[in-house]
Amino acid sequence: MKLSFWINGERVTLTVPPTRSLLDLVREDLGLTGTKSGCRSGECGACLVLLDSELVNACLVPAFRVQGRKVTTVEGLLKDRFVAEIKNRLETDGLLQCGFCESGILMAVAYLLSSRSVPTEKEIREALSGNICRCTGHAGLVETVKTISAVRRTR
Amino acid sequence: MSEPPVFTPDHLGELFSLTATHTDALLFAGGVECMKRLEAGARPARIIDISGIDELKKISRTERYIEIGAALPLSHILSIGRHVIPRVLHDALSSISAPSIKNMASLGGNICSASPYSDSLVALFSLEARLELRSLSASRWISVGRFIREDGSTDLRPGEVLTRIRIPMGPWNVQVFRNVGASGLPTVSSVTFCGLARILKGVIQDIRFSVGSVNRRILRDRSMETPLIGHKIPFGEKDIQIVTSRLSELLDPIESPYTTESYRIETSQRMLTWFLRELGGLLLEG
């Protein structure tokens, strides 16, 4: 199928099989490798992207669902200064070791903070519930997200 | 291998025409289960994407029931709040996976996948949800308990589409949903339990409970519930024993890669016993 959509603000047109996953579109067809390929079944959260303004697992979105829509990957999200600050904070706090889950966690945290400026611990845990991190786990992440939201509130 | 053609109807009439002609088509609502199937190598003859049909994404409520469009994403259902939809359904939907999956998955997809591990189905069985099934030439309503057969298949006929889910509000003053997760698996429960009760002046007017993730199909059986109707709470240990013994007879665990059969049997019995013993306290919690 001929597919046209917006990726990180730029319009692209590709000819692809309609059932090709959005994950393969961004990584293999567009070379945006910040989005990671993990479980390919919606369990690990490594491939989270925004479709229009909704957080989705790119591995579970077929190409035909992307027609005419706006996709934001971690590369696009990092153009936002606040998201870049979140990334720095997570790295400074030693919460991202091997880095494989990093883009998914950034997407999940940014998505949470876009709707809840001061989320509760329960909301933070819920927001991160679809992101598997084998290196550090979630405890430190939760504390760092609390700190990030508190700092933002004082600005 | 050739790619299946994809149809994208934008209203129900067009959808029913397509399903009448292409009875072998795979219907994509949220697409979560469908994409897993495609990823595993399935190649349907054709695909019908129903996500663009507004009539399948409506939600309405009367005093007696709430009706939910089959293709409405779970996050949209949850966004209307815990006080608008039955609390056990809200809690069941909340427990399903992560926000990103809730943005995609639909209640209709959940039902049609007929998974024994489905959290939402456990609540829908207790609530006695009814399903509207429509095709080009006919329309019918069926209870979720009849729609999902004992062997885990569904009663969806060729050309039919699940369009609406009607959930009675019910005068429940105890509503409990609990699931015990399987270790390391965020989206799979080892046992799921839903309990409802209507208690007036300490007497059980009605009581229902369902157990999921154990048998091939969600387990709900009126023979466990009716002996308790008319009894005062707290129940005597003998009453509880009768019900849990009946549960033991009905449990027939499927093989699971996640937990052992004996663990799921014991956990089911403990959950039911806890629910029956704690009804008084749960009533006070509202």
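The following exercises, each with a worked solution, concern a predicted model.

**Exercise 1.** Work out whether the radius of gyration of chain B agrees with that of a compact globule, and describe the extent and burial of the chain.

*Solution.* Begin with the expectation: for 286 residues, a compact globule would have a radius of gyration near 19 Å. Next, take the value for chain B, which is 20 Å and therefore agrees with that expectation. Then turn to the extent along the principal axes, where the C-alpha atoms of chain B fill a box of roughly 60 × 40 × 30 Å. For burial, a residue counts as buried if 20 or more other C-beta atoms lie within 10 Å of its own, and 44% of the 286 residues of chain B count as buried. Finally, consider the contacts in chain B with a separation of 6 or more, of which 65% are accounted for by residues 24 or more positions apart.

**Exercise 2.** Trace the open sheet of five strands in chain B, and find which strands stand at its edges.

*Solution.* Chain B has 12 helices and 11 strands, and five strands form an open sheet in the order 4-5-8-6-7, with antiparallel pairing. Strand 4 and strand 7 (139-143) of chain B each have a single partner strand, so they stand at the edges and one side of each is left without a neighbour in the sheet.

**Exercise 3.** Describe how chain A is divided, and which classes of residue domain 1 of chain A brings to the contact with domain 2 of chain A.

*Solution.* Chain A is divided into domain 1 (2-73) and domain 2 (78-154), and the C-alpha centres of these domains of chain A lie 22 Å apart. The contact takes 10 residues from domain 1 of chain A and 10 residues from domain 2 of chain A. Sorted by class, the side of domain 1 of chain A that touches domain 2 of chain A has six nonpolar, three polar and one charged residues.

Notes:
Residues are numbered from 1 along each chain as its sequence is written. Chains are lettered from A and ligands numbered from 1 in the order in which they are written. This is a predicted model: local features need pLDDT of at least 70, side-chain atom pairs count only at pLDDT 80 or more; totals for chains, interfaces and linings use all residues. Domain bounds come from an automatic or database domain assignment. Two residues are in contact if their C-beta atoms, placed from the backbone, lie within 7 Å. Ala, Val, Leu, Ile, Met, Phe, Trp, Tyr, Cys and Pro count as nonpolar, Asp, Glu, Lys and Arg as charged, and the others, Gly among them, as polar. Helices (H or I, at least four residues) and strands (E, at least two) are DSSP runs, numbered from the N terminus. The radius of gyration is taken over C-alpha atoms; the globule rule is 2.2 Å times the number of residues to the power 0.38. A residue is buried if 20 or more other C-beta atoms lie within 10 Å of its own, exposed if 12 or fewer, and partly exposed in between; C-beta atoms are placed from the backbone. Two strands pair if DSSP finds at least two bridges between them.
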